[in-house]
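Please look at the two chains shown here.

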There are 2 protein chains.
Amino acid sequence: MGASDLPIGVFDSGIGGLTVVKQLKKILPKENIVYLGDTARVPYGTRSKKVIEEFALEDLRFLLKRKVKCVVVACNTVSALALKKVKDNSSMVVFGMINPANAKALKTSKNKKIGLVGTRATVGSNAYKNIYMKRHASLLVPLVEEGITKGPELDIFIKKYFKDFKGKVDTLILGCTHYPIIKKSIEKYLGQNITLVDPAEEIAKEVKKYLKDNNLLNIQKMKGKTEYHLTDLNPRFLKTANNFLGNTNTAISFKQVAI
Amino acid sequence: MGASDLPIGVFDSGIGGLTVVKQLKKILPKENIVYLGDTARVPYGTRSKKVIEEFALEDLRFLLKRKVKCVVVACNTVSALALKKVKDNSSMVVFGMINPANAKALKTSKNKKIGLVGTRATVGSNAYKNIYMKRHASLLVPLVEEGITKGPELDIFIKKYFKDFKGKVDTLILGCTHYPIIKKSIEKYLGQNITLVDPAEEIAKEVKKYLKDNNLLNIQKMKGKTEYHLTDLNPRFLKTANNFLGNTNTAISFKQVAI
């Protein structure tokens, strides 16, 4: 088995990273994927850099033990606070969410006034560059995880977190993997003068380019398979997971693991 | 140093247990307290029994190493899901939140129609007995931790979670340590026909009775001291902590610990 046959390793603090898996599967359908979601300790976005680094290294070690051809950090918080730590401890190429999204935003923006929303940790980190205006939107994560993806209970918080961007930026980075789930509600509130950038789409393109340029694309005839590992198998997460993957008819099998 | 001089050990998934510390300090001002809040892995209320038990045992071990005269599980979720596990692994007397609150509710209720709100884990556990009606109020924890303790953003969720209890129960157990912080808003919404039971007040009374009956009350002349330990020292937690303790003028010193 050559390196190109190995799976792509993907990890996240929880199930938010499944929105990245969704984009990877879309443009790299033949790739096998090993996913780790640290659902026993989610969320990371409210924690300190020290703890985020510690947890991220444990997640990384889990993937490295499984032999992968590259590592995708499918979490904006880890990408913003611990990417250097993860890269320094990995023999593999590691992809983070920040740079591809940052590049796309710069290309998209006409007035170079780019906004950023994310967790408290991400927004506090200064990892995203050339940001004109930023704010955390902490409660959107628990809201989405509770299945509140539309309606007045969501709208009150969309208004709270997004109103200041109106008329100020022309491009807004959705710097948390949970936000694509409510992208339509955000777009509806912001109107047509602000273009949203989804880092999940951008990181998937970057991974594809890397695999192609380095002759690492899986050329098997079948569709790729994904192994899902979670550190806690709470039934709630399983229910929400399908929503994140955009599958409504597929039964996905998650395996509980210790890290 | 006799057993009565030892501190009371208190642990919680995070800083919610500080509302229990507040009650203990109120009626047992001479007692020393050692507090552990597992802020690196909070919340527990969205996780599975298996993971809650595992984390609770790690919290317990931290306190047992420090020599305490009894252990207070200042977390409804751990009390509901893992109290037996904690008791089985402790050489000390262990107090949980459920029984004293349950007893108080039964004494308070005239029609024996008692309601319960708590985390998803607590409400799903059947640990509270003689409950006529129950529901989880999952989003109240992140709301309170984000400092949203009044106003329309809180009210929309109070209505969501509490409206079904109106006209159905005469007594309602606030089965999560975060709820006392927003007790006034809940009372205002529910009106005078429902009496609220705060488990923090009840467990403090039970601890006092136990210490008295067993000649374990600290009889020092000074006020007791509290050592605060957190597994993550995120500045956000520190800010909210004062709110939970009800101190506005005291600078509290937290120490970060590994468990």
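B:Gly118 of strand E5(B) stands opposite B:Gly175 in strand E7(B). Strands (E, at least two residues) and helices (H or I, at least four residues) are DSSP runs, numbered from the N terminus. Two strands pair if DSSP finds at least two bridges between them. In E6(B), B:Met133 is the bridge partner of B:Gly115.

| Partner of E5(B) | Residues | Bridges and sense |
|---|---|---|
| E7(B) | 171-175 | five bridges, parallel |
| E6(B) | 133-136 | four bridges, parallel |

This is a predicted model, in which local features need pLDDT of at least 70 and side-chain atom pairs count only at pLDDT 80 or more, while totals for chains, interfaces and linings use all residues. Residues are numbered from 1 along each chain as its sequence is written, and chains are lettered from A and ligands numbered from 1 in the order in which they are written.

E5(B) covers residues 114-118, and five of its five residues are buried. A residue is buried if 20 or more other C-beta atoms, placed from the backbone, lie within 10 Å of its own. In a regular strand the side chains alternate between the two faces of the sheet. B:Ile114, B:Leu116 and B:Gly118 point one way from E5(B), while B:Gly115 and B:Val117 point the other way.

How is chain A superposed on chain B? A rotation of 180 degrees with 0.0 Å of shift along its axis does this, with an RMSD of 0.0 Å. The two copies are therefore related as by a two-fold rotation axis. In chain A, the C-alpha nearest the axis belongs to A:Arg41, at 2.5 Å. The superposition is by least squares on the C-alpha atoms of residues with pLDDT of at least 70 in both copies.

The contact between the chains takes 20 residues from chain A and 20 residues from chain B. Residues are in contact if their C-beta atoms, placed from the backbone, lie within 7 Å. On the side of chain A that touches chain B, helix H7(A) gives the most, with four residues.

Chain A is divided into domain 1 (3-96 + 201-256) and domain 2 (99-199), with bounds from an automatic or database domain assignment. The C-alpha centres of these domains of chain A lie 22 Å apart. Their contact takes 27 residues from domain 1 of chain A and 23 residues from domain 2 of chain A.

Technical notes: Buried ≥ 20, exposed ≤ 12 C-beta atoms within 10 Å, placed from the backbone. Contact = placed C-beta atoms within 7 Å.
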